[in-house]
Amino acid sequence: MVKAVVGANWGDEGKGKITDMLAENADIVIRFQGGANAGHTIKNHYGKFSLHTLPSGVFYDHTTSIIGNGVALDIKKLFQEMKSVVDQGVPQPKILVSDRAQVVMSYHVLFDQYEEERLGKKSFGSTKSGIAPFYSDKYAKNGFQVSDLFDEELLEEKVQRICEIKNVMLEHLYHKPLLNPADILAELHEYRELVEPYTADISAYLHQALLDGRTILLEGQLGTLRDPDHGIYPMVTSSSTLAAYGAIGAGLPPYEIKQIITVCKAYSSAVGAGEFVSEIFGDEAEELRKRGGDGGEYGATTGRPRRVGWFDCVASRYGCMLQGATEVAFTVLDVLGYLDEIPVCVGYEIDGDVTTKFPTTARLKKAKPVYKVLPGWKCDITGIRTYEELPENCRSYIEFVEKQIGYPITMISNGPGRADIIYRGQH
Ligand code: GDP
């Protein structure tokens with residue numbers, strides 16, 4: 001049985017917490033896309049962790065954590081992260097890395113920085129982790145698969161070819177120091193040594209796991225609105241953030257993904273640039289940012305203050321639809337307890353017309369939010385464990401959102417910890 005945990009919005013919906021929680025009953029947790037450019041924050045009995053590369057299942061003895069072929073694999077960061085988790089008292093996690101995953105090279109990070117520098121004010125607000133240059137190289141067939149690391153002849157030939165291309169750009173476009181093929185080869189040898197003990201044929205492993213009746217969790221990074229096809233292009237990430245891509249980025253039959261738990265946060269937040277119709281500003285925003293998440297809405301990777309806004313039903317309905325949500329986990333609801341009234345974005349006004357359909361980017365730029373204002377519940381809901389115990393206005397808020405987005409909210413998260421969860425329906 002395969003379940004996916006994915007985001008409906010811009011990311012930071014709380015997928016890490018939901019994955020960590022569901023991993024209790026899973027055998028395998030697998031990252032299938034993205035790289036070390038975004039982070040998941042997890043709070044459990046070992047402490048508080050910010051994971052960028054490791055799957056959020058690393059905290060259990062019984063789970064195997066896998067880096068799938070769809071991931072942008074930063075080998076050094078993976079091992080640093082593994083060490084830091086173990087240093088904080090977590091038992092050595094069982095990790096496997098796909099022999100088809102490709103490797104983020106030091107020059108990908110440099111090209112990311114150089115390109116942002118070159119673009120100046122028009123930059124994409126990249127986290128400069130090398131993700132866009134990495135995926136460009138992957139699809140231009142200039143990447144290194146983990147399996148390539150074990151074929152010396154191939155490596156030498158490829159390094160020469162890639163340095164030729166990169167050096168033209170470095171010399172003529174960026175005016176930066178050139179790459180030396182010997183250095184690149186040495187970098188690849190270092191990666192080979194680090195990754196060798198963990199390398200495996202992951203699709204074969206997962207097919208066997210399915211035959212053995214194991215539970216597999218796919219863990220998404222970012223959310224629908226950052227998908228390169230269905231998101232707010234070009235302010236998107238470079239790999240698909242959709243559950244469907246889990247089949248490709250892990251090497252699984254698509255029909256095995258039976259449950260798609262789509263995570264929506266009870267208000268909106270976004271790190272980085274791009275359209276965000278229900279964004280709020282000034283003191284109102286600062287208050288929500290300070291109270292938001294667990295210790296404020298600041299990016300897990302970059303520490304950048306997150307942009308915040310009200311819940312957006314238009315974007316979330318679309319986000320769930322594209323994920324193919326079978327259910328919704330509604331998170332960080334506890335944070336809204338301070339508000340007298342809570343606006344919810346129920347439509348977009350574009351050129352004088354109101355729509356509830358999420359448009360393509362050019363039209364989206366013109367959209368103005370249409371709000372419905374709901375009454376707040378004015379109390380702290382942390383610690384509540386059953387739906388019936390929630391204040392009436394809080395339940396009305398959940399039920400209003402559920403009706404608007406059209407997908408069942410089966411889990412409500414009212415705190416950052418594993419136990420802060422309220423199940424609804426048949427769980
Ligand atoms: P992800 O990338 O989707 O995993 O999300 P992040 O980890 O970037 O952001 C979610 C933040 O909210 C983290 O700081 C979590 O600890 C925190 N969080 C998750 N669920 C809840 C919740 O229900 N209530 C509160 N207060 N914080 C939560």
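Tutor: Start with a lining. In this predicted model, Asn-9, Trp-10, Gly-11, Glu-13, Lys-265, Tyr-267, Ser-268 and Ser-269 line the largest cavity.

Student: How is such empty space found?

Tutor: Rolling a probe the size of a water molecule over the atoms shows where empty space is left. Here, searching the whole structure turns up 1 cavity of 30 Å³ or more. The largest cavity holds about 30 Å³ of space.

Student: How does the lining of the largest cavity divide by class?

Tutor: That lining has 4 polar, 2 nonpolar and 2 charged residues.

Student: Now the ligand. Which pocket does the ligand take?

Tutor: The ligand takes up the space of the second largest pocket. There are 19 residues around the ligand, and Lys-15, Gly-16, His-40, Thr-41 and Ser-413 come nearest. By class, the shell has 9 polar, 7 charged and 3 nonpolar residues.

Student: Which helix gives the most to the shell?

Tutor: Helix 1 does, with 3 residues. Helix 1 spans 15-22, and strand 3 spans 40-44; each supplies at least two shell residues.

Student: What polar atoms lie by the oxygen atoms of the ligand?

Tutor: Look at both backbone and side chain. A polar backbone atom of Gly-14 is 2.9 Å from a ligand oxygen. For Val-332, a polar backbone atom is 3.0 Å from a ligand oxygen. Arg-306 uses a polar side-chain atom, 3.0 Å from an oxygen atom of the ligand.

Student: How much of the ligand does the protein bury?

Tutor: Compare with the ligand alone. Taken alone, the ligand exposes 580 Å², and the protein buries 97% of that.

Conventions: Residues numbered from 1 in each chain as written. Predicted model: local features only at pLDDT ≥ 70, side-chain atom pairs only at ≥ 80, totals over all residues. Heavy atoms only, no water. Near = heavy atom within 4 Å. Polar contact = N/O pair within 3.5 Å; in protein donor to acceptor, adjacent residues only side chain to side chain. Areas by Shrake-Rupley, 256 points an atom, 1.4 Å probe, with all protein chains shown as cover. 1 Å grid on protein atoms, 1.4 Å probe; cavity = no way out; pocket = protein on both sides within 12 Å on 5 of 7 lines; lining within 4 Å. Sits in = over half its atoms within 2 Å of the grid points. Helix = DSSP H or I, 4+ residues; strand = E, 2+ residues; numbered from the N terminus. Nonpolar A, V, L, I, M, F, W, Y, C, P; charged D, E, K, R; others polar. Points joined across faces, edges and corners; volume = space filled by probe spheres on them.
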